[in-house]
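Student: I would like to go through this model term by term. Please set each value against its definition.

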Amino acid sequence: MVLTLASVAIHDGRKKLQPNASLKRLNDLRDFFCLLVICAAVAAAQPVAISGPRIGIIDFYGRHKLGEDLLRKTLGFREGDPLPKSKGDTEEALELMKEVVAARLEAACCEGGKAILYVGLEEKGAPHFNYNAPPIGEARLSEEIHLQYGAFLAAVQKAIRSGPVNEHLADGHSLMENPEAYAIQMKFLDLARENLQQLRDVLRESGSEEHRAIAAYVIGYAPKKADVVNDLQSALRDPDDTVRNNAMRALGAIAVLAAKDPSKNIQVSPTWFIEALDSLVWQDKSTAAITLVTLTEGRPARVLEHLKERAVPTLAEMARWKHLPHALPAFILIGRVYGVPEPEIQKAWSEGRREAFLDGLLKPVPTKKK
């Protein structure tokens, strides 16, 4: 298995977050965006191989019928062991289990310098996240866009080797503090404006996953964000993982701008993000939860009711993940769904009362005896 590592601190432009690895104190839950993400969340990067990484945490999602002990026995490895040599063999072993339709392993960064291994399951009868059919068109991006994007990936990977890469989203698109990456992102503004129709055609029609992934990232730099929301929302159903993730990231940045400046009348629908919480792909789930925190900041009743009807079991599972930065977005969403004021969500998290908080909200309401 190849593990890629990236530490990207994301800021929404209202207040710069001071990272705290232990997450014991949070000044403002709106600034939750400091978390660790894998490099593919930034773009369709070439993975950076890590020699012999060991597992710091094993966590699960999509597990409703199967016991954790049985799953761990099937895995055949535990925390402290090296990552499995064959991702596919492990997934196949899980898929032989009676209740499992599909399985997926994903490694993310990091817990005490070790990998976090997520074991995803789709059990029989569970919600299924459907993808669009792969497009087969001949549309391709210009050589200039392709080369600039490649240079951007190289700049980001170089920056990551030196430590966290700060990313600001206040303008509705990513702008990184790293000078090399920033300079190329400024070029994306011109490229998106001058080649908008090409980017649209490639994103919707190209048979090349690579070109669709690039288009999903660069189109987010279009000058009028409202013009590309539908294109990006369509890409949330793309069959390629990186295309979906780049589209989610672009829409997440646009959602930050929409919340900051309602006068722009930018409408980012929460529907597909809520659906993506049931994806078998950890990146889909994680990025969807992050974006939904932005989309529910004003506590829209319709969106919170949709989350309550559709996603509470999934959010509860994610909110209990062992790696706190990954669990935080779902924890915030659970609190909002049940009408808990933001200061109380913050207090429960910062005091380490996660389990008691969740149990208090999710316990069944006793029925009255007739």
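Tutor: Start with burial: buried means under 20% relative accessible area, exposed means over 50%, and partly exposed lies in between, with a 1.4 Å probe and protein chains only. On that scale, 54% of the 370 residues of the protein chain count as buried. The model is predicted, so local features need pLDDT of at least 70, side-chain atom pairs count only at pLDDT 80 or more, and totals for chains, interfaces and linings use all residues. Residues are numbered from 1 along each chain as its sequence is written, and side-chain values use heavy atoms, with hydrogens and water left out.

Student: What is the confidence of the protein chain?

Tutor: pLDDT is the predictor's confidence in each residue, from 0 to 100. The protein chain averages 85, and 84% of the residues score at least 70. Over residues 1-51 the pLDDT is below 50, although this stretch has 141 contacts in the model beyond near neighbours in sequence. A contact means heavy atoms within 4.5 Å.

Student: Where is confidence lowest, and where is it highest?

Tutor: Strand β2 (residues 34-37) has the lowest mean, 30. Helix α5 (residues 196-205) has the highest, at 98.

Student: How many helices and strands are there in the protein chain?

Tutor: The protein chain has 15 helices and seven strands. Both are DSSP runs numbered from the N terminus: helices are H or I with at least four residues, strands are E with at least two.

Student: What makes C109 and C110 a disulfide?

Tutor: The rule asks for a pair of cysteine sulfur atoms within 2.5 Å. C109 and C110 have an S to S distance of 1.8 Å. That is within 2.5 Å, so the pair is a disulfide. By this rule the count comes to one disulfide. In general, a disulfide is a covalent bond between the sulfur atoms of two cysteines.

Student: What is the handedness of the link, and what is the peptide bond like?

Tutor: The link of C109 and C110 is left-handed, with -95° about the S-S bond. The peptide bond from C109 to C110 is cis, with omega near -20°. Most peptide bonds are trans.

Student: Why is C109 called buried?

Tutor: Its relative accessible area is 9%, so C109 is buried by the under 20% rule. As for C110, its place is in strand β4 (residues 100-111).

Student: How do you know that β4 is largely enclosed by the rest of the structure?

Tutor: Nine of the 12 residues of β4 are buried, so the strand is largely enclosed.

Student: What makes β4 and β5 a pair?

Tutor: Two strands pair if DSSP finds at least two bridges between them. β4 and strand β5 (residues 114-123) have 10 bridges, so they pair; the sense is antiparallel. E111 stands opposite K114 in β5, and A102 stands opposite E122. The hairpin of β4 and β5 has two residues between the strands, and G112 takes a positive phi near 60° there.

Student: What about β3 and β5?

Tutor: They share six bridges, so they also meet the rule of at least two. Here the sense is parallel. Y61 stands opposite G120 in β5.

Student: What is in contact with T90?

Tutor: Leaving aside neighbours within four places in sequence, T90 is in contact with L75, F77, P84 and L105. T90 lies in helix α2 (residues 87-95). With a relative accessible area of 9%, T90 is buried.

Student: What makes N265 and R299 stand out in phi?

Tutor: Most residues other than glycine have a negative phi. N265 has a positive phi of about 55° although it is not a glycine. R299 also has a positive phi of about 55° and is not a glycine.
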